[in-house]
Structure formats: structure tokens, C-alpha cells
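My notes follow, in the order I took them.

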Amino acid sequence: LGDVYLMPLVSITLFTTIRTLAVGSGITPLMGRLFDKMGSPFKFYTMLHIMMFVALAIGFFTPWNPSWVIASIIAIVIINVASSLSMNMQATLITEVKTPAALTGTALGFMAAVGEVPATFLYTIQGNILAAQGNDGYRSVFYISFAFAAIGMICLWILMQKKKKGAFDTE
């Protein structure tokens with residue numbers, strides 16, 4: 001935000017603090033209420049993926065100059081909300097696919113491990129890209145993020161297809 005959009009450091013710090021507090025304390029509970037109203041983790045996760053794709057498109061396709069800073073801030077907030085909610089609500093998928101109670105802990109542990117794999121190496125890879133390419137490297141970072149969001153959407157679609165076919169019915 002500072003180099004590309006010429007935001008002063010104090011504004012970036014304020015934005016980061018507000019974004020973190022708003023997502024954790026405000027938006028997450030509101031989205032949890034929306035989740036309850038939607039009634040299906042699959043519908044909710046589909047919405048999160050659409051939010052992520054839209055935000056990544058905003059970040060990727062908007063011109064990187066100070067007049068577009070608001071669009072970029074909105075994209076950053078949307079990405080933060082979608083990724084935070086995705087991690088916070090992932091356990092709901094366990095019940096949706098009717099995981100037996102005896103395997104719930106194992107399934108949750110596996111989901112958590114798989115969810116942490118990108119964080120294990122992506123920060124280093126993206127940092128190296130940015131170090132080598134400067135601000136132009138953010139386009140590559142958006143490509144990588146889009147690829148992971150697409151993989152998540154494909155996995156979600158496969159689960160939805162299996163559910164439609166009754167693969168999770170235990171009766």
C-alpha cells in the first residue's frame with residue numbers, strides 16, 4: 001500500500017489494525033449469522049470462494065496508482081474476511097459430510113494440517129518473488145492466490161457432487 005498507492009505508514013498501520021479488529025470482532029460473528037441463515041456449509045463456502053475470486057480480480061486488474069487505493073483496500077478486506085471465515089468455519093464441513101463421531105478428531109486434524117501447508121511455504125515463496133520482482137511481483141502473488149482459491153473451489157465442487165449423489169448418507 002505504501003509503495004504502490006503512496007499511503008503513509010501511519011495510514012497503513014491504522015488500516016491494518018482496524019481490518020484485523022473488524023474481521024475478528026465484528027465481521028466474523030455477522031458472517032456466522034449469515035452462515036446460520038444460509039443453512040448449508042456448501043452454500044457458504046461457495047459464497048466465500050466467489051468473494052475471494054472477485055477480490056483477487058479487483059487486486060489484479062485495477063491500475064496500481066493512488067486513485068485506486070480504495071478499490072485495493074476493499075479487495076484486501078474481502079480477501080481477509082474470506083480467508084479468515086474459511087479457516088474459522090471449516091469444521092462445519094465435517095458435519096455436512098456426516099463424518100462418523102469416532103473419526104471427527106482425525107478429520108479435523110487432517111483438515112487443519114492441510115490448511116496450514118500453504119502457510120508453511122507460501123510466505124517464503126511470495127517473499128522471494130517480491131524481493132526479486134519488487135512491486136511487480138504482486139501480480140505473481142495474485143496468480144498463486146487465485147490458483148489456491150481455484151483448487152479449494154474444485155474440492156468444494158467435488159464434495160457437493162458427492163453429496164448430491166448421496167455418498168454421505170448413512171441410512
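This is a predicted model: local features need pLDDT of at least 70, side-chain atom pairs count only at pLDDT 80 or more; totals for chains, interfaces and linings use all residues.

On the helix 6 side I listed Pro-118, Phe-121, Leu-122, Ile-125, Gln-126, Ile-129, Leu-130 and Gln-133. Their partners in helix 7 are Gly-137, Tyr-138, Ser-140, Val-141, Ile-144, Ser-145 and Phe-148. I sorted the residues of this contact by type and got 10 nonpolar, 5 polar and no charged.

Next I checked the geometry of this pair. Helix 6 covers residues 104-133 and helix 7 covers residues 137-164. Their axes lie 8 Å apart, and the packing angle is about 155°. Angles over 145 degrees count as roughly antiparallel, so helix 6 and helix 7 are roughly antiparallel to each other. I noted the crossing of helix 6 with helix 7 as right-handed.

Then I turned to another partner of helix 7, namely helix 3, which spans residues 41-61. How far apart are the axes of helix 3 and helix 7, and at what angle do they cross? They come within 10 Å and cross at roughly 160°. Helix 3 and helix 7 are therefore roughly antiparallel to each other as well. The crossing of helix 3 and helix 7 is left-handed. For the residues of this contact I wrote down 16 nonpolar, 5 polar and 2 charged.

My last entry is on Thr-13, which I found in helix 2 (residues 9-38). Is Thr-13 buried, exposed or partly exposed? Its relative accessibility is 45%, so I put Thr-13 down as partly exposed. I also looked up the distance from Thr-13 to Leu-159, 146 residues away along the chain: their C-alpha atoms are separated by 40 Å.

Definitions and conventions. Residues are numbered from 1 along each chain as its sequence is written. Side-chain values use heavy atoms; hydrogens and water are left out. Axes are lines fitted to C-alpha atoms, for helices over the stretch in contact, and angles run from 0 to 180 degrees between N-to-C directions. Helices (H or I, at least four residues) and strands (E, at least two) are DSSP runs, numbered from the N terminus. Angles under 35 degrees count as roughly parallel, over 145 as roughly antiparallel, 65 to 115 as roughly perpendicular and the rest as oblique. A crossing is left-handed if the near helix is turned anticlockwise from the far one by less than a right angle, and right-handed if clockwise. Contact means heavy atoms within 4.5 Å. Ala, Val, Leu, Ile, Met, Phe, Trp, Tyr, Cys and Pro count as nonpolar, Asp, Glu, Lys and Arg as charged, and the others, Gly among them, as polar. Buried means under 20% relative accessible area, exposed over 50%, partly exposed in between (1.4 Å probe, protein chains only).
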